[in-house]
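Open the model in your viewer and keep the selection panel ready. The tour moves stop by stop.

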Amino acid sequence: MEGEIRNFVIVWVSVYASLIYCYFIGKILQKGFTRFMAILPIVFLFLFLPLNLHSMHLCGASAFFIAWLANFKLLLFAAGKGPLSAEPSISPLRFLVVACLPIKIQQNRSRETSIKKPKSALNYAVKALLLTMAVRSVDHGEQMHPQVILCVYSLIIYLSLELILAVAGFLPRLLLGVELEAQFDEPYLSSSLQDFWGRRWNIMASNILRPTVYEPALWASSRVMSRKWATIPAIFGTFVVSALMHELMFYYLGRVRPTWEITAFFLLHGGCLAAEVLLKKILTGSRRLPRLISGPLTVAFVMATGFWLFFPQLLRCKADVLALEEYAAVGGFLKNVVGMAFTASKAFNETRG
């Protein structure tokens with residue numbers, strides 16, 4: 001574990017050094033092809049760096065932050081777009097934070113009236129308790145139905161992601177005093193696939209895919225068809241890119257050859273979402289399903305297709321086993337720390353007495 005922590009530190013020192021380079025490249029070179037070529041080696045480096053990590057949580061989180069979010073933001077930055085180009089006088093510290101962490105700084109709250117307030121500490125405390133209970137329940141997995149185990153794993157994935165991203169956003173909030181956007185918005189309350197993927201699940205991934213993939217695809221599609229229908233191929237194209245990025249994330253976690261079930265999962269959802277949007281354009285409001293029906297159907301569809309195509313890949317790369325081993329290691333470490341602190345406190349009190 002000590003070697004993994006050392007590699008983790010080396011990886012992130014390399015990331016910050018590379019981002020400082022990109023920051024000054026932005027000051028020297030104008031947006032466009034020249035800046036893109038100067039940043040391209042960093043993009044390839046960021047694809048390589050997660051391969052130096054093997055821990056489920058350290059590698060998974062770092063791969064998402066570096067190979068996906070940071071790379072996509074740097075590509076936007078090369079074109080003079082995206083959050084890294086939003087402020088001409090952006091400071092180096094803010095550049096680093098925005099580039100490699102899953103946050104979106106709200107610069108003009110008066111215009112962003114739809115942004116919800118950050119969730120309370122109680123909300124995260126309850127979810128941390130639920131995560132602990134879910135992890136402990138897996139210890140009795142031999143007594144549980146396989147489908148129930150998959151439900152527990154899906155709960156662990158959702159809670160782990162939300163808590164990891166919340167922790168990642170805490171330090172920038174403390175240091176920079178910025179308002180951060182929540183990464184999840186109660187996805188189990190989704191009323192449609194469009195609501196689930198666009199507004200509730202992994203919001204930062206949706207926000208970075210929108211300017212890097214969806215909007216260029218929408219522009220290209222609108223050149224050959226009306227803008228009303230151009231959204232359909234743009235949506236599907238976005239899910240194709242998302243599928244490939246998820247395959248890459250799974251490769252980082254398991255280092256096994258992809259079987260493309262993850263791609264099938266996202267292509268299926270991309271096709272269904274495109275069909276949903278198409279039906280919404282055709283049908284009037286009175287002919288649509290009420291929320292009380294569409295909501296449960298959406299959640300059931302996501303869960304069913306996840307059990308079919310998504311979660312088996314987590315089991316294939318032994319993500320469940322590795323994650324539980326790491327939870328146990330962290331629990332043991334905290335237990336030892338608390339025990340040592342209690343022993344030291346007791347010894348100190350005895351010496352004073």
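Start at the bend. Select Phe307: α11 has a kink of about 55 degrees centred there. The bend at a residue is the angle between axes fitted to the seven residues ending there and the seven starting there. This is a predicted model, where local features need pLDDT of at least 70, side-chain atom pairs count only at pLDDT 80 or more, and totals for chains, interfaces and linings use all residues. Residues are numbered from 1 along each chain as its sequence is written, and side-chain values use heavy atoms, without hydrogens and water.

Now select residues 291-316, the whole of α11. Helices here are DSSP runs of H or I, at least four residues, numbered from the N terminus. From first C-alpha to last, the 26 residues of α11 reach 36 Å, close to the 38 Å expected at 1.5 Å a residue. That expected span is 1.5 Å times one less than the number of residues.

Colour the buried residues of α11, among them Thr298, Val302, Thr305 and Phe307. Buried means under 20% relative accessible area, exposed over 50%, partly exposed in between (1.4 Å probe, protein chains only). Step past the helix to Lys318: its phi is positive, near 60 degrees.

Next, select His269 in helix α10 (residues 261-282). His269 counts as buried because its relative accessibility is 0%. Which residues does His269 touch, not counting those up to four places away in sequence? Show Leu193, Trp197, Phe239, Phe301, Val302 and Thr305. Contact means heavy atoms within 4.5 Å. Phe239 is 30 residues from His269 in sequence, yet 7.7 Å away, C-alpha to C-alpha.

How values were computed: Helix = DSSP H or I, 4+ residues; strand = E, 2+ residues; numbered from the N terminus.
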